[in-house]
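Trainee: I have a new structure to learn. Can we go through it by question and answer?

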Amino acid sequence: MHLSDNGSNVKNAGKSVVWEDNDFNFFTLIDGKEVFIGRGKEVPYPLEEGDCWSLPNGKTFAYKNGVLEHVKPLDEEKRLKECLEGIYEKFEESYLYSDPLGFVRKFDDIKDIEVAGFIAAGFAFGGVPQILKILDKIDKIVGHKFYEFALNFNAADGFKVFKGFYYRFIKEKDIVALFLILSEILKKYNSIESFFLEGYNPADINLKNAIISFSKRAMGLVDFAPVYGSAVLPKDSMVHFFFTSPADGSPCKRINLYLRWMVRNSDNLDFGIWSGEIQPYQLIIPVDTHMARISRYIGLTKYGNPSFKMAEEITENLKKLDCFDPVKYDFAITRLGILDLCKKSKNIENCGKCAIYDICNLNG
Ligand code: SF4
């Protein structure tokens, strides 16, 4: 309900106005924006000079000189950190069911984890139930032995086992090409990590250059003729979708997600099975639509659309909260969107219960 919808519930409070909807939710206008200020008895109406109250999420309002205002925390960065630490603690491993990472947790052998992880991250687009379904299908095809399957892979056999395969715009040729590349990496370098490290510079502030190198070298590693009938990739080939590059402006969400899984080891979410050469502070936040949207709401980015620049900006802002491990907040922030806790617009039911309400610009 908006102020103009029901004039009878509008109350004058000094120089401010307060109104109430039929569910006892109180609102006011602050800087021209409609702001939720509490439910029922949370709001000490009628307001008296000096009244001050906080919502359960910590957002605080004060009534001074006849004006109702949102008392911003003295230290916004501290508040941001408190809120994000709060959801980081909340969304721990019991929420892995809502993520492709939960699929990779089915593997014990680190060689399988490395390869299954790359496939799981690569297919991490679309809804989580669909992603998990296609990953289970691939798992059955490879006999739960991702490393061995990839290592011994050849295009002729690949076309037999992946006959009729598709997931959205990924067709059987594309998954055959993907396994062909992984096979070559494993034969020549023993692991995806060794191949990745060839383009890694420990002095770089982040992995941008290493990802550019990784994707470029991967796409030049095999002869695609047995797959696409031509050594040059046809325009409709989608294998490059698994090897995106910051050089094209892509946020490289799925590669950054994979790197997070392989490098971080400070909680029970990520595996951290790589050797330790890459430091967690060099990781870049995986930006999907949830991360982009919520990061805008809480002031982590000024960019509108997902891009590599946006990913770097969000990561740099998160480094102010944890300079050693900025991407630790990724899983928690994206749960708000994936679990539909945060709608795509202000929603009184969800926002009133939201753990990051106090830092969300969507709420004034
Ligand atoms: S306060 Fe509302 S809009 Fe903001 S992050 Fe929370 S649920 Fe989303």
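What follows is a set of questions and answers on this predicted model.

Trainee: How many helices and strands does the chain have?
Mentor: Start with the whole chain. The C-alpha trace spans about 80 × 45 × 35 Å along its principal axes. The secondary structure comes to 15 helices and nine strands.

Trainee: What share of the residues in the chain is buried?
Mentor: A residue is buried if 20 or more other C-beta atoms lie within 10 Å of its own. The chain has 364 residues. Of these, the buried residues make up 37%.

Trainee: What separation, in Å, lies between the centres of domain 1 and domain 2?
Mentor: The domain assignment gives domain 1 as 9-71 and domain 2 as 80-359. The centres are taken over C-alpha atoms. They are separated by 43 Å.

Trainee: How many residues does each domain give to the contact?
Mentor: Six residues come from domain 1, and seven from domain 2. On the side of domain 1 that touches domain 2, the residues divide into one nonpolar, three polar and two charged. So much for the make-up; the counts asked for are six from domain 1 and seven from domain 2.

Trainee: Which residue in β3 is the bridge partner of V18?
Mentor: Strand β2 covers residues 16-20 and strand β3 covers residues 25-30. They run antiparallel and are joined by three bridges. They form a hairpin with four residues between them, and F24 in the turn has a positive phi of about 65 degrees. The partner of V18 is T28.

Trainee: Which residue in β4 is the bridge partner of F27?
Mentor: Six bridges join β3 to strand β4, residues 33-39, and the two run antiparallel. This hairpin has two residues between its strands, and D31 in the turn has a positive phi of about 55 degrees. The partner of F27 is F36.

Trainee: Where is P46, and is the peptide bond from Y45 to P46 cis or trans?
Mentor: P46 sits in the loop between β4 and β5 (52-54). Omega for the bond from Y45 to P46 is near 0 degrees. That bond is cis.

Trainee: Which residues does L182 contact, leaving aside neighbours within four places in sequence?
Mentor: L182 is among the residues with the most contacts inside the largest core. Apart from that core lies another, of 10 residues, including W19 and Y63. With its neighbours within four places left aside, L182 is in contact with V115, F118 and A150.

Trainee: Which helices do the buried residues of α12 pack against?
Mentor: Helix α12 covers residues 289-297, and its buried residues are M291, A292, I294 and S295. Just after α12, G299 takes a positive phi of about 75 degrees. The buried residues of α12 pack against α13 and α14.

Trainee: And which helices do the buried residues of α14 pack against?
Mentor: In α14, the buried residues are D330, F331, A332, I333, T334 and L336. They pack against α1, α11 and α12.

Trainee: Is D340 buried or exposed?
Mentor: D340 is found in the loop between α14 and α15. Its phi is near 60 degrees, a positive value in a residue other than glycine. D340 has 10 inside 10 Å, so D340 is exposed.

Trainee: Why does H144 count as partly exposed?
Mentor: H144 lies in the loop between α4 and α5. Partly exposed falls between the buried cut-off of 20 or more and the exposed cut-off of 12 or fewer. H144 is partly exposed because its number of C-beta neighbours inside 10 Å is 13.

Trainee: Which residues come nearest to the ligand?
Mentor: There are 13 residues around the ligand. The shell divides into 10 nonpolar, two polar and one charged. The elements that give two or more residues to it are α12 and α15. The nearest residues are C342, C351, C354, Y357 and C360.

Note on methods: Residues are numbered from 1 along each chain as its sequence is written. This is a predicted model: local features need pLDDT of at least 70, side-chain atom pairs count only at pLDDT 80 or more; totals for chains, interfaces and linings use all residues. Two residues are in contact if their C-beta atoms, placed from the backbone, lie within 7 Å. Domain bounds come from an automatic or database domain assignment. Ala, Val, Leu, Ile, Met, Phe, Trp, Tyr, Cys and Pro count as nonpolar, Asp, Glu, Lys and Arg as charged, and the others, Gly among them, as polar. Two strands pair if DSSP finds at least two bridges between them. A residue is near a molecule or strand if its C-beta atom, placed from the backbone, lies within 6 Å of it. A nonpolar core is a set of buried Ala, Val, Leu, Ile, Met, Phe, Trp, Tyr and Cys residues joined through C-beta atoms within 7 Å.
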